[in-house]
Each structure stands twice: as C-alpha cells, then as structure tokens.
Amino acid sequence: MKPLNVIFTGRLSFPNGIASVKRRKYIIDYLNATAVKCRVVCLRQSKKDLEKFNNPDHGYYGATEFINFSSVFYHGLTGKVSYYKQVSAFLKKCYDENSTNVLIFHTSLGIDDLPFLLYGKHLGYKIIFDQVETSYVAKGVNISLKSKIYATINDVITKWGYRQADAFFVISTALQKWNRERYNQPICLLPNSTPIIRSVKKEAFSNPVKILYVGTFTPKDGVDYLVKAFKQLVSYRSDVRLILIGKGIKRDMDVIMSLIENEKNIEYRGYVDDDELYTVLRESDILTMTRSNSVFANFGFPFKLSEYLATGNPVIATNVSDVCLYLEDKKNACIAVPEDVESIFESLKYLVENEEKALEMGDNGLMVVKKHFDVDKNGKKFVEFLKQL
C-alpha cells in the first residue's frame, strides 16, 4: 500500500484560527506523531483575518510545512496572477507519484478556489471535503447582505465541487445523511479531536461560582437565552458570575451588550488567545453551550463542547445536532432545551445546587472525550479512511 501524502487547503488560516483550524491542527498532531507526510496550503483570506490571527506566511507546525499565499494575492493585478501561478506550482511540487496524494478542502468552496480543485484533480490528487456545516446562509447565521450574496454563489460552486470529490469527512450524522441522499462517494463521520485540557481535578466550586461561555454571538449561539437564564439564576442566588469570551459582529454584540448592561454579575472579556482561554476554561466551574435550534446548529457540531468536556468541568449543552449521541442528561452533562430560558435556568440551578453531582458529571464528561474525541483514535480513523480510497 502506498504511503499517504496529505495536503490541507482552503481559506482557513493556520496555525492560529477559528474552531475548524483547531479541528485540522489536532488531526495534524496525529499525522506528525505517526510520520504521515502532510502540508497546509492556505488560500486567499480576508485582510481582517490576516490581521486578527497574525500567522506567518510560511513556517512549520511540528513536521508539517504551512504556507499562506494571501499576501501574494493582495499585490494588485500582477499579484493575483502570481497567486494562481504560485499556488499551482506548489501543488505540483508537492505531488508525489509514489504516494496516495490527497487534497483536502474545508466545507465551502469559493469561485477563486475552483482552479485549484480542478488542477489538483488534473495532477491526480484525491479530492476530499471536510464538512463541518451545511451552508453559510442557513437559518441561524447572521451576515451582511453582501456576504450573503457571496456565500450563496459559493454554495452553488461548492455543490458542484462536491460532485467532483472522491470522498467526504463530515462532523455530524445530519451531514452524513445529507451527503448520502445526494452523492455516491465514500463518507467518514469524523468527530472533533480534543486533547485533555484538565490539569488538576476540581474538588469544589469557586466562590462565587464561575459560569463560562466561549464563542461567537450570532443567533445560532443562543447566548441571549443564556444571559436571560443567568439573570433568573441571580435573582435566585447572588453568589454566581457569568463570564462571556469571544467576539461577534456589531449588530450581534449590540443585542448582548444591551442585555448585560449594568449587570454586575456578568463580565464580558472579549477575544483572548488560546493560552489564556485554556486557563479560564480550567478555572471556571460550569461551561455552557446554548446553541439555538437552527439548521446551521443541527448540521454542525460545536467544537467548544468537546473542549469544554476535556476540562473535566460540568457542562450545560442544548440538545442540538449530535449532542445526545454522545451525552446523557445529568450523567455526563446537563442537557437543556434550545431557545428555552426556563430549561437553561433549571440546568444552571441544578448544577449550582448539586455541587458533588456536578463534579461527578464533569468526570464522566471527560470519559466521553477519551471515548469519542480522542486525538489518537480519530487520527487513526482519518488515516484508515484515506488508505481505503
């Protein structure tokens, strides 16, 4: 059997970036550990993302070379021509006739990515998509009209691209079913991989009890329901604090800020880097994922949930997507009804009032990570699937 030669590509940044970048990084950790050859080719990104994540244009993540061609693209017309030439030349250079060559795109394909799919296929790469959502214009996503038009065009291109693919990785059973109904290619259900974040077993809650939300603040995230439920909890007992971490677009943040204005028990910290984030995750007592019951939420799977569970701290999760495929209410997490303030409040109240049971629930949640979200287990699943193509 030929060795694998894996190229991750698309408009994701690397090595710093959004949740999908972490999904990619933890698979690459496994590939590095098992000496599977891989590289990351970052296609054009927005100038905003380039500034936000501040990744170098070229470097190594362990044994994995990564290269970002975005800066080439933004040098006028000649830069755009050079961008397509340089990316194509790099894909050609990376192709190894003695290996099984695999080119992996992220969920969505833009019109400016299309030449690289076609050229990769021409060279002989196996074309794979790693799908973590169904559509960026699905209910639950709050984007500008301009972005919505762009995303709608990309949806058409993406679905054409899916028909050219050799196989799919998908993050949820809903996406697995969606693909089976439309395409005949092999599909692998690949959950998120998450390393263990817990450093020391928590013996007791803090005083006041720290309740944490991390992520974005779009309608799909349901943070407004969490804030309203927390306010209800504060009226029940005052020794609790809600910490909000992350960023969103202005109109989404305006909604949240209006809800937390003058609330002394709620702290908004904005965006933090991974090192600070992991410290806050460990130190918090109750971690919350309150996605709404939207198309977007039910086809995806929140990366934050697997990260939360990896701390060994008790978690509240709304019943969306595959949450109840992995979790059982009051055994390894508290499961709340999405978009239901009372249900989220009852989950918060239960954990705050039942500290011993809550800590046991956190221990059980850590076992879920070891069973379903383990880096080595999912890395092996990833490699074995590619080897069968």
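**View 1. An aromatic cluster.** Phe105, Phe129, Tyr162, Phe168, Trp178 and Tyr183 make up one aromatic cluster. The model is predicted; local features need pLDDT of at least 70, side-chain atom pairs count only at pLDDT 80 or more, and totals for chains, interfaces and linings use all residues. Residues are numbered from 1 along each chain as its sequence is written, and side-chain values use heavy atoms, with hydrogens and water left out.

**View 2. The rings of Phe301 and Phe373.** Rings of Phe, Tyr and Trp (its six-membered ring) pair if their centres lie within 6.5 Å; planes under 30 degrees apart are stacked, over 60 edge-to-face, and the rest tilted. The count comes to 26 aromatic pairs. Phe301 and Phe373 have ring centres 6.0 Å apart and planes at 35°, so this pair is tilted. The two residues are 72 residues apart and link distant parts of the chain. Phe301 is in the loop between helix 11 (295–299) and helix 12 (303–309), and Phe373 in the loop between helix 15 (355–372) and helix 16 (375–387). Helices are DSSP runs (H or I, at least four residues), numbered from the N terminus. Buried means under 20% relative accessible area (1.4 Å probe, protein chains only). Phe301 is buried at 7%, and Phe373 is buried at 1%.

**View 3. Charges over rings.** A charge sits over a ring if NZ of Lys or CZ of Arg is within 6 Å of the ring centre and within 35 degrees of the ring normal. The charged end of Arg44 is over the ring of Phe73, 5.5 Å from its centre. Lys330 lies over the face of Tyr350, 4.8 Å from the ring centre.

Technical notes: Buried means under 20% relative accessible area, exposed over 50%, partly exposed in between (1.4 Å probe, protein chains only).
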